[in-house]
Amino acid sequence: MRVAGLFLLLGLALCCCSGNAEPEGAPDQGKEPDCRTHIQPGCPKILDPVCGTDNISYPNECELCAANLKKQASVRIKKRGMC
C-alpha cells in the first residue's frame, strides 16, 4: 500500500512540473507567442495565464499579443502560468 501511494505522489509531482520546461531556445529568450491565431481587436476572456519575458503576468497569450501590438514590443512567453 505504501509503494502504491509513493508512485501516486510521484506521478502527481511529475504532472505538476511537466509544463515548466521550454523546448525552444534558452529559458531567458522565451517562446514566441503565436499571435496569428488570435483575432484582434478583442481577446477571449479565458484565464490561461502566461508569464512574459518582461516578468509581467498576462491573462492569456492573446492579451500578451495585444500588449505587444499596443506597446510596439516583442515580449515573449517565459513560461506558462503566473510569474
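Predicted model: local features only at pLDDT ≥ 70, side-chain atom pairs only at ≥ 80, totals over all residues.

Modeller: The partner of cysteine 65 is cysteine 35, with the two sulfur atoms 2.0 Å apart. Cysteine 35 is partly exposed, at 33% relative accessible area. That link is left-handed, with -90 degrees about the S-S bond. It bridges distant parts of the chain: cysteine 35 is in the loop between α1 (2–17) and β1 (50–52), while cysteine 65 belongs to helix α2 (residues 61–71), 30 residues apart.

Helix α2 turns up again in the next pair. Cysteine 43 is bonded to cysteine 62, S to S 2.1 Å, and here the link is left-handed too, with -80 degrees about the S-S bond. Cysteine 43 comes from the loop between α1 and β1 and cysteine 62 from helix α2, 19 residues apart. Both of these cysteines are buried.

Then there's cysteine 51 with cysteine 83, sulfur atoms 2.0 Å apart. The torsion about their S-S bond is about 105 degrees, so this disulfide is right-handed. Cysteine 51 sits in strand β1 and cysteine 83 in the segment after β3 (77–80), so the bond ties together parts 32 residues apart in sequence. Cysteine 51 is buried, with 2% relative accessible area, whereas cysteine 83 counts as partly exposed at 45%.

That makes 3 disulfides in the structure. Number the bonded cysteines in sequence order and the pairing reads 1-5, 2-4, 3-6.

Key. Residues numbered from 1 in each chain as written. Heavy atoms only, no water. Disulfide = S-S within 2.5 Å. Helix = DSSP H or I, 4+ residues; strand = E, 2+ residues; numbered from the N terminus. Buried < 20%, exposed > 50% of the residue type's maximum accessible area, 1.4 Å probe, protein only.
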